[in-house]
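Subject: Structure handover and notes

Hello,

Here is the structure I said I would pass on. My notes follow it.

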Amino acid sequence: MSTLSVNVHHVTRVEGHGNIVVDAQNGEIKECRFEVVEAPRFFEAFVRGRPYTELNHITSRICGICAVGHSTTSAMATEKAMGVKLTEQAQLLRKLNFHGETIDSHVLHTYYLVAPDFFGAGSVFPLIDINRPVVERALRIKKLSGDLCAMVGGRHTHPCALVVGGFSHTPTEDELRAMRKRLVAAREDMDASVELFASLEWPQFERETEYISLSKDDEYAFVGGKIKSTDGFEYPVEEYKQVTNEELVPFSSAKWTSHNRKSYMVGALARFNNNFDQLHPKAKDAAAAFGMEPIVTNPFMNSAAQVVEMVHCVEDAIEIIDELLARGVKPEDPTVADVKAGEGVASCDVPRGILFHHYGYDEEGYCQDANCIIPTNQNMANLNYDMQELLPQIIDKPQDEVRLTLEMLVRAYDPCISCSAHFLTVEFV
Amino acid sequence: MEWEGESSHSVVLVLGLGNPLRRDDGIGPRVIQELQQRDLPEGIEVIDGGTGGLDILRVIEGWENVLVVDAANVDGGRGEIAPGEFVRFTPDEARLGASPEGFSLHHAGLAEALALARALERPLPSIVVFGVQPSDVGWGEGLTPEVEQSLPALCEAVLKEAMQR
């Protein structure tokens with residue numbers, strides 16, 4: 001029987017700070033949990049009292065990795081509160097910008113944070129010596145996705161052109177054509193990505209759980225839609241609290257969430273499981289290369305689902321550009337908001353999963369109440385239950401292997417702990 | 001408004017890094033905001049890079065000269081640095097806090113981006129860093145008085161450097 005003590009402080013290659021705590025004596029597990037330790041961010045406090053035009057820019061600063069996701073969701077919540085309708089062109093540009101960020105985040109996670117585990121490298125730096133072309137390919141894809149975001153949003157990291165009512169700047173048709181060419185050329189890198197990641201030996205671990213994501217009738221949902229669960233539930237986004245049911249737990253500054261079971265999972269795998277049919281055919285081919293068919297219940301495959309989504313986003317971005325060009329792109333001003341008191345909830349499925357922004361405004365358009373529930377929080381309970389089920393299966397392996405496997409599980413969730421901690425909750429009346 | 005991509009004739013990029021929601025960490029974006037209020041000489045572009053992590057690499061590649069403004073915990077070699085004081089240095093003159101083993105994208109900033117570029121032997125622009133010693137990088141908006149006070153001198157130093165390029 002094993003006696004095991006694994007304490008990983010500040011798991012590396014995870015965005016932010018989290019600790020793994022394991023204590024097992026004679027095969028009996030006394031402790032097994034993932035703690036979040038970074039100080040709470042109180043970011044809702046930043047938006048209270050601010051005018052509606054500023055919220056999406058402020059919230060885009062919450063996270064440098066999901067800046068477009070926060071900005072888009074924030075603008076949509078404000079637009080709902082003010083009854084603002086976007087033009088079709090602006091809606092297409094929002095989706096295009098979003099695809100840029102999804103590709104950017106997924107390539108970062110799969111290549112720089114996950115791949116080193118499979119190559120026995122401690123980080124992306126030794127990976128350069130082991131397999132340099134892989135690191136260079138990742139940087140090439142990252143440049144493409146960053147340029148795509150910058151072309152639409154004006155800036156990659158914090159999209160200055162994304163405003164309430166649409167965009168303050170419109171890319172030209174020439175810029176879109178040039179980007180289209182680069183996206184077509186990137187198919188080669190997508191094929192190579194699928195080949196690389198499908199060749200890896202993914203850890204075998206299955207645990208059935210509930211998968212929650214957005215869903216749409218007409219497309220693979222990232223921007224807006226309804227909430228969908230693999231357990232058969234559907235809700236409009238306004239009813240998000242029926243799904244999230246946040247609760248405090250003693251050892252984590254992130255609240256836990258649960259819906260139909262004791263936990264649920266959000267992210268690429270949840271989207272894949274709920275919306276597989278709407279993936280682009282090339283992305284379905286990629287899934288086949290991984291041997292993935294919904295419902296996939298191995299959480300390690302979340303990273304594989306991200307690779308599948310990269311393929312989808314490249315293809316869908318090409319189709320969106322084609323649609324924009326076919327319609328004819330014209331510079332247009334953002335729709336002007338009819339400033340009034342109101343409340344708005346919006347949701348996007350950002351790279352790490354379903355995200356909710358909820359605002360209340362006074363009659364002059366100043367934010368009175370705000371709530372924001374991020375994907376990483378929603379995954380915390382599920383990650384912990386995965387760890388507790390995985391540990392007994394691997395407990396007789398060498399301690400270093402146990403430690404690495406648990407770290408890989410944490411990384412598979414692609415947690416962004418730096419923005420997951422917040423204590424403030426606001427009750428809307 | 002700064003705009004990526006309109007820079008084909010510019011020779012100097014001023015890049016402000018940091019998070020304006022973390023007090024003095026927002027010094028980089030704040031300098032960019034200040035410079036945007038001015039009539040900048042031709043050839044100088046400014047970008048607020050925020051907390052873009054490795055995206056810094058994409059932004060700086062292709063430029064001849066990049067001036068980076070960032071909050072920096074400056075230690076040793078040049079004596080004590082008080083909050084609000086800033087130092088000018090090139091990446092060769094300093095050991096930047098890149099930690100290859102603990103590579104965390106949450107903390108990825110200039111150091112990690114440059115380390116990656118060097119490891120891949122990618123050509124880099126001529127880089128000068130203006131590192132500003134923060135007093136408080138906790139959650140909150142606005143600079144502390146110490147850092148706010150040094151803002152005019154910092155902007156002048158950055159502009160002077162930019163015009164020499």
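Against which elements do the buried residues of α11(A) pack? They pack against α8 (187-198) and α12 of chain A. Contact is taken as two C-beta atoms, placed from the backbone, within 7 Å. A residue is buried if 20 or more other C-beta atoms lie within 10 Å of its own, exposed if 12 or fewer, and partly exposed in between. Helices (H or I, at least four residues) and strands (E, at least two) are DSSP runs, numbered from the N terminus.

Before the rest, some conventions. This is a predicted model, in which local features need pLDDT of at least 70 and side-chain atom pairs count only at pLDDT 80 or more, while totals for chains, interfaces and linings use all residues. Residues are numbered from 1 along each chain as its sequence is written, and chains are lettered from A and ligands numbered from 1 in the order in which they are written.

In α11 (residues 281-289) of chain A, the residues A283(A), A286(A) and A287(A) are buried. Viewed down the axis of α11(A), the buried residues fall within an arc of 100°, so they line one face of the helix; the arc is that of the directions from the helix axis to the C-beta atoms. After α11(A) comes G291(A), with a positive phi near 70°.

In the largest nonpolar core, which has 168 residues, V308(A), V14(B), L67(B) and V158(B) touch the most other members. Such a core is a set of buried Ala, Val, Leu, Ile, Met, Phe, Trp, Tyr and Cys residues joined through C-beta atoms within 7 Å. Helix α12 (residues 302-327) of chain A supplies the largest share of this core, 12 residues. Domain 1 (4-36) and domain 2 (43-398) of chain A both give residues to the core, so it lies between them.

Domains of chain A

The bounds of these domains come from an automatic or database domain assignment. The centres of domain 1 and domain 2 of chain A, taken over C-alpha atoms, are separated by 27 Å. Their contact takes 12 residues from domain 1 and 15 residues from domain 2. On the domain 1 side, the elements giving two or more residues are β2 (18-25) and β3 (28-36) of chain A. β3(A) gives the most to that side, with six residues.

A loop residue

D362(A) sits in the loop between β13 (353-361) and β14 (367-373) of chain A. D362(A) is partly exposed, with 15 other C-beta atoms within 10 Å. Leaving aside neighbours within four places in sequence, D362(A) is in contact with A341(A) and Q368(A).

Chain B

Chain B has four helices and five strands, in the order β-α-β-α-β-β-α-β-α from the N terminus. Of its 165 residues, 47% count as buried. Of the contacts in chain B between residues at least 6 apart in sequence, 77% join residues at least 24 apart.

In helix α3 (residues 110-119) of chain B, the buried residues are L110(B), E112(B), A113(B), L114(B), A115(B) and L116(B). They pack against β1 (12-17), α2 (55-60) and β3 (65-71) of chain B. α3(B) is followed by E121(B), whose phi is positive, near 55°.

Regards
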